[in-house]
Amino acid sequence: MTELLRATILHTAANPFRTEGALAFHADGGLLIRDGRIAACGDFASVIEPGIPVTDLRGGYLLPGFIDTHLHFPQLRIIGGLGHQLLDWLELHALPEESRMADLPHAQRIARTFTRQLAAHGTTTALVFGAHFAPATAELFRAAADTGLRLLGGMVFADRLLRPELHQTPDSAYRDGTQLIRQFHGQGRLLYAVTPRFALANSEAMLEVCQTLVREHEGLRIQSHLNENPREIEAVARLFPWAGDYFAVYERYGLCGPRAVMAHNVHPLAGELARLAATKTSVAHCPGSNSALGSGVFPLRRHLDAGVHFALGTDVGGGIGFGMPKEALQAYLVQRVAPEGELLSAAHLLYLATLAGAESLGLDGLTGNFVPGKAADLVYLRPPADSALAASLELAESPERILAALMTQASADSVGQVRVDGQVIHEGGMNDAR
């Protein structure tokens, strides 16, 4: 099937931190989709072909689907648990709610809502912490498949210092992890990510299980937490006295590399940054969560200078919600007031919410922008009539101003349509906006 979408188009063809002019813009653009792939992207007049049906979306904006590199499916209901730092917040809010995932009907309901909310906010790909329970994690994968999302995730492993009902033994973790990998990894748009919660909650025996799973199965991703909170870092140092720093724990067990994503990294040592870069391990920057939990300010310039790759994560539910534009805006705002902050452009924000995430996940050959040959993963934004965003866009003339307005104000009510592999997975209020 071939279809030509006509709208204003914006995407980052390259990394704007490294390449000038990375923002691609077509005021009257054409996105040619053939069998779920991008066949061409450019000005409408240069892309149109005789006989190809045209879907006229003028008045709105086509962006690549958003890519969220860190969030927790069991924490959907605790967004907004303000007033605590990480370890207290875990004890009071997160862990009690995660224990409820043992109730399978509850897990099914939350999984359905969670995946639908991702799609409703324009997220087409997400790296997700599953539950501490294998049946609940399986429900996450099933819900993602039903929704049509591109989802990477895994059962959360832990065997100490949490609530007892959330612990597994290394043997049971290996058994359950192996079964989930065989059942879901590489099926449709699903990929499996080995997920030790964080070093604090995992013994060396459990980390060995993680290492074994990665060695035994091709193409797995790895996700965990790193250097989020000073108390957490101190506790990890006590538990692993042989480790020179937090990242060294993951390094010993091979839980790093080009397909590994470590969330937060707010308080890295210089040596950790150097080794993150050397191993090509990515960081999920979660500015909303870092602010809400008082974790600190992400040292963005230090990551750039060290050559550490990073992208954005919403960190539901320690963060402030599902919207990737909102998360990108939070990154901008925090950096504006940080003592050594970096001035981010709208192009940087779009990159961090799209292509940077694809690069973190080893999917940049598949998704993240509108380069021909990639999957037609996209979000169509059309602000509601008489909205503040619609008014702002009336005045915006340059590509940067248009994109800045979208990244500042767009939310779920502006999402008209979301596609993965060219297939519509979500329809918003498009008729209401016209």
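Rings of Phe, Tyr and Trp (its six-membered ring) pair if their centres lie within 6.5 Å; planes under 30 degrees apart count as stacked, over 60 as edge-to-face and the rest as tilted. The model is a predicted one, in which local features need pLDDT of at least 70 and side-chain atom pairs count only at pLDDT 80 or more, while totals for chains, interfaces and linings use all residues. Residues are numbered from 1 along each chain as its sequence is written, and side-chain values use heavy atoms, with hydrogens and water left out.

**Exercise 1. Aromatic rings**

Find which residues form one aromatic cluster with Phe17, and classify the pair of Phe17 and Phe310.

*Solution.* 
- Step 1: The cluster consists of Phe17, Phe298, Phe310 and Tyr351.
- Step 2: A search of the whole structure gives nine aromatic pairs. For Phe17 and Phe310, the ring centres are 5.9 Å apart and the planes stand at 55°, so this pair is tilted.
- Step 3: Phe17 sits in the loop between β1 and β2 and Phe310 in strand β13 (residues 310–312), so the pair ties together parts 293 residues apart in sequence. Helices (H or I, at least four residues) and strands (E, at least two) are DSSP runs, numbered from the N terminus.
- Step 4: Buried means under 20% relative accessible area, exposed over 50%, and partly exposed in between (1.4 Å probe, protein chains only). Phe17, at 23% relative accessibility, therefore counts as partly exposed, and Phe310, at 3%, as buried.

**Exercise 2. A helix pair**

Describe how α3 and α4 cross.

*Solution.* 
- Step 1: The axes of α3 (residues 104–120) and α4 (residues 134–147) come within 8 Å and cross at roughly 35°. Axes are lines fitted to C-alpha atoms, for helices over the stretch in contact (heavy atoms within 4.5 Å), and angles run from 0 to 180 degrees between N-to-C directions.
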